Amino acid sequence: MKKIALFPGSFDPFTKGHEDIVLRGLRIFDEVVIGIGTNSTKKRYFPLEVMKELIERTFADFPNIKVIAYDDLTAHTARMLDARFLLRGLRNTTDFEYENGISQVNRYVYEEIETVFLITSPHLAPISSSIIRDLHRYGQRVDDFLPYSLNELNELNQDQ
């Protein structure tokens, strides 16, 4: 049976830390599906369609990585994809506390799901999407934290 993992998140934006988790996840799973979830309580900073396109470009050479957008419970999406694993990255103990609760609820909703946590590579641990958004909002360079160029992001943003 093919081992499929869903890597869910808002990815607003998708960072080098996220990229690292996906690439390391390929050592464990046959396929990784990056799922950009929608959160009705949050307004996105970068448009979902733009981020989906940038992530697809980032992994264009990897046929075993797919990118989807979804508006449902993560566990329901995983079941629909026949994914038996959720892939999550942990930067610190605060992430663990938060992710542990979510993993328990996902297991309640979809008994066959297992959450697999990968510890973020040390040089990427300080990176978070919220920090990158704040830096970008106030005109700071963020390209060093992203697996694509800000020029690509701006071009796609203008096309939307």
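A residue is called buried when its relative accessible area is under 20%, exposed when over 50%, and partly exposed in between (1.4 Å probe, protein chains only). By this criterion, 42% of the 160 residues of the protein chain are buried. The structure is a predicted model, in which local features need pLDDT of at least 70, side-chain atom pairs count only at pLDDT 80 or more, and totals for chains, interfaces and linings use all residues. Residues are numbered from 1 along each chain as its sequence is written, and side-chain values use heavy atoms, with hydrogens and water left out.

The protein chain contains 6 helices and 5 strands, defined as DSSP runs (helices H or I, at least four residues; strands E, at least two) numbered from the N terminus. Their order along the sequence is β-α-β-α-β-α-β-α-β-α-α.

A nonpolar core is a set of buried Ala, Val, Leu, Ile, Met, Phe, Trp, Tyr and Cys residues joined through side-chain atoms within 4.5 Å. The largest such core comprises 29 residues, and Phe7, Phe14, Val22, Ile34, Ile55 and Leu87 have the most contacts inside it. Two or more residues each come from strand S1 (4-9), helix H1 (16-25), strand S2 (31-37), helix H2 (48-58) and strand S3 (65-70). H2 supplies the largest share, 5 residues. Another core, of 9 residues, lies apart from it and includes Ile4, Val33, Ala83 and Leu86.

Serine 129 belongs to helix H5 (residues 129-137) and is buried, with a relative accessible area of 13%. Beyond its neighbours within four places in sequence, serine 129 is in contact (heavy atoms within 4.5 Å) with Asp12, Pro13, Thr15 and His18.
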